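Hi everyone, thanks for making the time. I'd like to walk you through one model this morning, so please have a look at the screen.

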Amino acid sequence: MRWLIDWNLAFDPFHPPRRVYIPTPVHEEAVGGIVQFVESGQFWGSITAPAGYGKTAILDEAIARIKGPRIRAVRVDGAIDATTLYAQIAAALGRRTPPGASLAIAWRALREARALCRAMRSNVVVAIDHIEMLHDHESLHRLATLESSPHSRTSVLTCGRPEADCESSSKTHDLLDIERSGLRIRPRRLSRDETAAYLNGKLAAAGCAGAAFSPRAISRIHVHSQGIPRAIDRTAKPALVECSRRGAEIVGPAVVDAVALECDPDFDRLDSIENLVTS
């Protein structure tokens, strides 16, 4: 695509072939908290934030950092019931279950996989992404009965959206009770400077060495996105594409305003945005 060539990009930094982790202070604090959680041997932990805050990127980076000879870190995603959850964890630990296996078979496979880890004196870290999809939260309580010892601990980390973003039910409250019993990580929105670091980090990862956005353009992106990483991506990419079409050498605030209004007709060009401009 022409815009990638114009900005010296090897790939689309906002929809990369693989997830690119940008170490903003917000994300680094969250990753550091997870690493400490595992090293301290805690059992329950949770990452909770609305959609678009970078939860999965944080989870993937944390797993990459904690993996080692004595730690089996696995990530499962999209489990909707206990059978699927147990089968996914067992498979990630090396014990597959046949298609259509019952809950009892999936649980047995998980226990066998966990027993093998215990025999090897390996700690097990289970990261469950998109936890709001799981209908049976009682299945999480059952994970606490897995074999464990001082030489082979089990840690469970859930990752998902907060209660307000999910359907209200007794099951949701059960999940909250579980999450409140251990480590709680709540990533916040990025500040204006963090938004700049996030944008520049993504562009640098794709090969762009120079500045693509003016300081005022970054301020516009920050206000429109409200510091939410996914919203930053959705504003920055069309701005780069539009500037490429115009033949501009740098993205200015007018282009950001134009694409922001196109994406969100209710977006208001606040006069106070000028107060965010940095030199």
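A quick word on conventions. This is a predicted model, so local features need pLDDT of at least 70 and side-chain atom pairs count only at pLDDT 80 or more, while totals for chains, interfaces and linings use all residues. Residues are numbered from 1 along each chain as its sequence is written, and side-chain values use heavy atoms, with hydrogens and water left out.

Let's start with the helices. Helices here are DSSP runs of H or I with at least four residues, strands are runs of E with at least two, and both are numbered from the N terminus. The pair to look at is helix 2, residues 25-39, and helix 3, residues 55-66. Their axes come within 9 Å and cross at roughly 45 degrees; each axis is a line fitted to C-alpha atoms over the stretch in contact, and angles run from 0 to 180 degrees between N-to-C directions. Helix 2 and helix 3 are therefore oblique to each other. For that label, angles under 35 degrees count as roughly parallel, over 145 as roughly antiparallel, 65 to 115 as roughly perpendicular, and the rest as oblique.

Which residues of helix 2 and helix 3 meet? From helix 2 we have His27, Glu28, Ala30, Val31, Ile34, Val35 and Val38, and from helix 3 Ile58, Glu61, Ala62, Arg65 and Ile66, with contact meaning heavy atoms within 4.5 Å. That contact divides into 8 nonpolar, 1 polar and 3 charged residues. Here Ala, Val, Leu, Ile, Met, Phe, Trp, Tyr, Cys and Pro count as nonpolar, Asp, Glu, Lys and Arg as charged, and the others, Gly among them, as polar.

Now the single residues. Is glutamate 194 buried or exposed? This residue of helix 8, residues 192-205, is buried, with a relative accessible area of 8%. Buried means under 20%, exposed over 50%, and partly exposed in between, using a 1.4 Å probe and protein chains only. Leaving aside residues up to four places away in sequence, glutamate 194 touches Thr24, Pro25, Val26, Arg188 and Arg189.

Serine 40 sits in the loop between helix 2 and strand 1, and at 45% relative accessible area serine 40 is partly exposed.

On to the salt bridges, where a side-chain nitrogen of Lys or Arg lies within 4 Å of a carboxyl oxygen of Asp or Glu. How many turn up in the whole structure? The search finds 16. One of them joins aspartate 12 and lysine 237, at 2.7 Å from N to O. The partners are 225 residues apart: aspartate 12 is in the loop between helix 1 and helix 2, and lysine 237 is in helix 10. Aspartate 12 is buried at 8%, whereas lysine 237 is partly exposed at 22%.

Helix 10 also holds arginine 246 and glutamate 242, whose closest N and O atoms are 2.8 Å apart in a salt bridge. Because they are 4 residues apart in that helix, about one helical turn separates them. Arginine 246 is partly exposed at 48%, and glutamate 242 is buried at 17%. Finally, salt bridges that share partners join Arg19, Asp60, Arg75, Asp77 and Asp129 into one network.
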